[in-house]
Amino acid sequence: MLRIRLRRVGAKKQPLYRIVIAENEWPRDGRFLEIIGRYNPRTTPETVEVDEARAFHFLKNGAQPTESVAQLLKKLGTLGRFDRLQKGEAAEVLLAEAQAAAAATKSASSGRTRPDTFVPSKKAKKQPKKK
């Protein structure tokens with residue numbers, strides 16, 4: 001059975017996730033069929049990007065999202081659009097709506113991993129050597 005799930009990448013204590021299509025038995029960070037998106041929980045607000053056309057394709061063919069991916073897709077509105085696709089709405093209209101929503105969230109968020117307030121260190125800066 002195909003699953004839509006998170007695959008962890010990134011350094012120690014700095015998680016980044018790819019949203020992938022994989023068989024249920026395959027290891028979490030092992031083999032996968034296709035990458036359909038990214039999830040970065042460290043940004044403020046968290047960043048989620050999904051190729052909705054591919055997500056619709058795999059959902060239509062029976063892939064089941066894990067609980068965590070289902071929450072992310074629900075927050076993005078992908079599962080709601082998929083339900084509308086199942087009821088007969090045109091895929092092109094839904095994909096255009098998804099692109100507009102993604103562009104709106106991308107412009108609204110800065111995607112920074114650090115807060116906007118910058119506090120310089122108290123150490124004095126080194127002066128360049130005179131020749």
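The buried residues of helix α3 are covered by elements that include α1 (52-60), α2 (67-76) and α4 (91-108). Helices here are DSSP runs of H or I with at least four residues, strands are runs of E with at least two, and both are numbered from the N terminus. This is a predicted model, in which local features need pLDDT of at least 70 and side-chain atom pairs count only at pLDDT 80 or more, while totals for chains, interfaces and linings use all residues. Residues are numbered from 1 along each chain as its sequence is written, and side-chain values use heavy atoms, with hydrogens and water left out.

Helix α3 itself spans residues 78-86, and its buried residues are Thr-78, Arg-81, Phe-82 and Leu-85. Viewed down the axis of α3, these fall within an arc of 105 degrees, so they line one face of the helix; the arc is that of the directions from the helix axis to the C-beta atoms. Buried means under 20% relative accessible area, exposed over 50%, and partly exposed in between, with a 1.4 Å probe and protein chains only. Just after α3, Gly-88 adopts a positive phi of about 115 degrees.

I turn now to the aromatic rings. Rings of Phe, Tyr and Trp (its six-membered ring) pair if their centres lie within 6.5 Å; planes under 30 degrees apart count as stacked, over 60 as edge-to-face and the rest as tilted. The count comes to two aromatic pairs. One of them, Tyr-17 with Tyr-39, is stacked, at 5.9 Å centre to centre and 25 degrees between the planes. Tyr-17 lies in strand β2 and Tyr-39 in strand β3, 22 residues apart.

Definitions and conventions: Contact = heavy atoms within 4.5 Å.
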